[in-house]
Amino acid sequence: MVHVLCLNPSIMTTWVPTAYRTHTLGELQTHGAELVGKDVTVIGFMEANRGKGAICFVDLRDGTGKTQVFLKADNIGEEALDTVQRMTRESTLQFTGTVALKRPPKVKEGEPTPPPAYEVLATSVNVIARAEAPLPLGVTDNVKVELDTRLDNRFLDLRRAHVNAMFRLRGKVLQYGREHLITEGFVETHTPKIVATATEGGADLFPMQYFDRPAFLNQSPQLFKQLCMSGGLERVFEIGPAFRAEKSDTYRHLAEFISFDIECSWANDDDVMGVLERMLHHIWKSVAEDEESQNLIDVINAFREEQGEELVEVIVPELPFPRVEYDDAIRIIKEKGGSIEWGDDIDAENSDLLAQDLPQFYFLPRWPMSLKPFYIHQIEGEIGSTGEQLSRGFDLNFGRDEMTSGGQREHRIDVLIDNLRDMDLDPEEFEFYVAGFRHGVPPHAGWGLGVERILMKLTGAKNVRETVLFPRDLRRYCP
Ligand code: AMO
């Protein structure tokens, strides 16, 4: 089955020819009428070759589309023709030739005539790289391949249209997210990934050697983005790697993921929930409305249809997202027969019960302080139904899965130090962070969003690894 590849060249406003091609294959199709009779040089992967004797047809694919190349012994010479006829699939070939209107396919009566297509009548060929045969996995065949085989051969897996579309869409999602935050006055920052202390708890740290001292890979930009607030940057965001040595071997846990973080001064938990829902609304709306993203979703759906899987529907979520306070969430889960007690974390199975009525995005605000990290602000004077201190920490779920954690932060240095001690952490070890609170810090709030989990929801992927080029998990760190 042949899928149309993805990028729409009409959206590329500044196409610049390169040393290896004068035109992309997508461009040949969208601008074919203007190019008929002109000489072009194109390059791509050979999906298939057909024809024996004095002629041959090549299906050539690049990152923007596909084009048929027609070879005739009279034009190209017998030796070149023979080379192409014996070429292996997925080899890289460069052709020079003339653009021509392709003969229209025969259509049955009553069926619509397809739009005109264009081909290249080749006058020369250059074999850039011959692909070894057999391929470790088929690029265009409709054969089920195990995820491990795919990840071991990701370079080839990526040539499959729906996989390629996933990563182009990933880029779009980040673009829309950035775009939105910039309109709300956020500035993009980068914080260190090599750190001296834990951020999110000691157990999940990857140790490393930093010259002659021990160090760690950072679990989250948390402490540094807060220091930016102390420094008066007011509104920052970061899209960068976070590392967790989690022993969880599940469909949604990675050892390295991309954390999309914000931190916002003079703001509380409600304020940053607003930023989050507006950003996600913008992302979903843009995917639903931007032609290029729609094209990518269509490619993903074409594959899903072939596999007999449910098609992805991009449903733009309504604003505001529902909010179910922790207290109420526990009550609802209990009413629905879930096994949970006040003070327990809400795992995916119990979230399934909430998701019966809330299949999309919903916030879970006001968690017990005991379940949240030391940097979260408590809600003065507010206690839950069992008398425990409530916090300004929240989660955002999509159905059963957690997408985001966030909250207002503790900005009062004395309470912060107490919180550290209460959680058996040594304030001395956090001196670089606590110091940022000594000279006054704006009240502030923020959140961290798992990019891969968002992509899962948008594309219907069942495993978070599908959304990562080269995933790192309990078992895999190569390639
Ligand atoms: P938290 O630890 O909940 O919060 O992480 C935030 C979000 O990151 C994603 N995530 C993961 N994704 C894949 N694999 C993992 N192992 C993994 N761990 C987390 C989830 C999660 O909701 N500092 C806080 C955020 C904040 O308060 O600003 C933090 O890191 O989608």
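Glu90 is buried, because its relative accessible area is 4%. Buried means under 20% relative accessible area, exposed means over 50%, and partly exposed lies in between, with a 1.4 Å probe and protein chains only. Glu90 sits in the loop between α4 (78-85) and β4 (92-101). Its phi is positive, about 75°, although Glu90 is not a glycine.

Glu234 also has a positive phi, about 65°, and is not a glycine. Glu234 lies in the loop between α8 and β10 (235-243). At 37% relative accessibility, Glu234 counts as partly exposed.

## Model and overall layout

This is a predicted model, in which local features need pLDDT of at least 70 and side-chain atom pairs count only at pLDDT 80 or more, while totals for chains, interfaces and linings use all residues. Residues are numbered from 1 along each chain as its sequence is written, and side-chain values use heavy atoms, with hydrogens and water left out.

The protein has 15 helices and 17 strands. These are DSSP runs numbered from the N terminus: helices are H or I with at least four residues, strands are E with at least two. The C-alpha trace spans about 85 × 60 × 40 Å along its principal axes. Of the 479 residues, 50% count as buried. Take contacts between residues at least 6 apart in sequence: 67% of them join residues at least 24 apart. Contact means heavy atoms within 4.5 Å.

Two packed helices are described by the angle between their axes and the distance between the axes. Here axes are lines fitted to C-alpha atoms, for helices over the stretch in contact, and angles run from 0 to 180 degrees between N-to-C directions.

Helix α7 (residues 161-183) packs with helix α10 (residues 291-306) at about 145°, with the axes 9 Å apart. The crossing of α7 and α10 is left-handed. A crossing is left-handed if the near helix is turned anticlockwise from the far one by less than a right angle, and right-handed if clockwise. From α7 come Ala161, His162, Ala165, Met166, Arg168, Leu169, Lys172 and Tyr176; they meet Glu292, Ser293, Leu296, Ile297, Val299, Ile300 and Phe303 of α10. By class, this contact has 10 nonpolar, 2 polar and 3 charged residues. Ala, Val, Leu, Ile, Met, Phe, Trp, Tyr, Cys and Pro count as nonpolar, Asp, Glu, Lys and Arg as charged, and the others, Gly among them, as polar.

Helix α15 (residues 451-459) also meets α7: their axes come within 11 Å and cross at roughly 115°. The crossing of α7 and α15 is right-handed. Met166, Leu169, Arg170, Val173 and Leu174 of α7 make the contact with Val451, Glu452, Ile454, Leu455, Leu458 and Thr459 of α15. These residues divide into 8 nonpolar, 1 polar and 2 charged.

## The largest pocket

The largest pocket holds about 1,200 Å³ of space. A pocket is an open set of points on a 1 Å grid over the protein atoms alone, where a 1.4 Å probe fits, with protein on both sides within 12 Å along at least five of seven lines; lining residues have an atom within 4 Å of a point. Grid points are joined across faces, edges and corners, and the volume is the space filled by probe spheres set on the points.

The lining has 46 residues, and Arg244, Glu246, Glu402, Ser405 and Arg453 lie nearest the centre. Elements giving two or more residues include α8 (222-230), β11 (256-265), α12 (348-355), β17 (444-450) and α15. β16 gives the most, with 6 residues. By class, the lining has 15 nonpolar, 14 polar and 17 charged residues.

## Loop residues and cis bonds

Thr189 is in the loop between β6 (187-188) and β7 (194-195). Thr189 is buried, with a relative accessible area of 14%. Beyond its neighbours within four places in sequence, Thr189 is in contact with Leu233, Val236, Phe237 and Glu238.

Arg412 is in the loop between β16 and α13 (413-422). Arg412 counts as partly exposed, because its relative accessibility is 27%. Leaving aside neighbours within four places in sequence, Arg412 is in contact with His377, Gln378 and Glu380.

A cis peptide bond joins Ala133 and Pro134, with omega about -5°. Pro134 lies in the loop between β5 (118-129) and α5 (147-152). The bond from Cys478 to Pro479 is also cis, with omega near -5°. Pro479 is in the segment after α15.
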